Amino acid sequence: MASLFNLAKEYTDLYSALVSSVDEETGEVDVDIASALANIQGTFEEKAIATATVSRMLGNTVEEVSKEIDRLKRLKAHLEREDGRVREYLKRAMEMTGTEKVQGISASISFRKSEQTVIDNEGELPEEYITVKTTYTPNKTAIKTAIKAGKDVPGAHIETVKNLQIR
């Protein structure tokens, strides 16, 4: 079966041929071309419906995958919290007993010394030790509201677009 794109091209070609076949005096058209156009239109509509059905199925699958990703993210966060609790429990038990190292078949446990910077008061830090991060993002909702209210917003405009809707 022809692709949707090829059917659309064939439809437009037949439509152009039908318009060209109009008799100037009588207004009659070539019946064969009109019949072929009607057939192509039916085939195009069937193919369009089938394509839309595939799109809906893909959309449903995307939704299912998104829900599964959310579920797995929640599970991951839960497992990370549990891991942190278990590690803290183990650390406290080793500190209470003064144990510095434990060797086993499935795990080796020991303390390692490291350094970390602790900020006591961020406001007292000299400017040279502060990193400033600034992001600029256009507020499209405010811009649209302003333009619709008749204001001129340089660098922006509203476009009317056609969005495909499949129900």
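Visitor: At what angle do helix α1 and helix α2 pack?

Guide: This is a predicted model, where local features need pLDDT of at least 70 and side-chain atom pairs pLDDT 80 or more, while totals for chains, interfaces and linings use all residues. Helix α1 covers residues 4–20 and helix α2 residues 31–97; helices (H or I, at least four residues) and strands (E, at least two) are DSSP runs numbered from the N terminus. Axes are lines fitted to C-alpha atoms, for helices over the stretch in contact, and angles run from 0 to 180 degrees between N-to-C directions. The axes of α1 and α2 are 9 Å apart, and the angle is about 155°.

Visitor: Is α1 roughly parallel or roughly antiparallel to α2?

Guide: Angles under 35 degrees count as roughly parallel, over 145 as roughly antiparallel, 65 to 115 as roughly perpendicular and the rest as oblique. The angle of about 155° between α1 and α2 therefore makes the pair roughly antiparallel.

Visitor: How many nonpolar residues does the contact of α1 with α2 have?

Guide: Contact means heavy atoms within 4.5 Å; among the residues involved are Tyr11 and Ala17 of α1 and Phe44 and Ala48 of α2. Ala, Val, Leu, Ile, Met, Phe, Trp, Tyr, Cys and Pro count as nonpolar, Asp, Glu, Lys and Arg as charged, and the others, Gly among them, as polar. Besides three polar and two charged residues, the number of nonpolar residues here is 15.

Visitor: Which residues make up the largest nonpolar core?

Guide: Such a core is a set of buried Ala, Val, Leu, Ile, Met, Phe, Trp, Tyr and Cys residues joined through side-chain atoms within 4.5 Å. Buried means under 20% relative accessible area, exposed over 50%, and partly exposed in between (1.4 Å probe, protein chains only). The elements giving two or more residues to this core are α1 and α2. Its six members are Leu7, Leu14, Leu18, Ile33, Leu37 and Ile40.

Visitor: Is Glu10 exposed or partly exposed?

Guide: Glu10 lies in helix α1 and belongs to its contact with α2. Residues are numbered from 1 along each chain as its sequence is written, and side-chain values use heavy atoms, leaving out hydrogens and water. Because its relative accessibility is 37%, Glu10 counts as partly exposed.

Visitor: How far apart in space are Lys148 and Ile158?

Guide: Lys148 is found in helix α3, residues 140–148, and is exposed at 63% relative accessible area. Lys148 and Ile158 are 10 residues apart in sequence, and their C-alpha to C-alpha distance is 8.5 Å.
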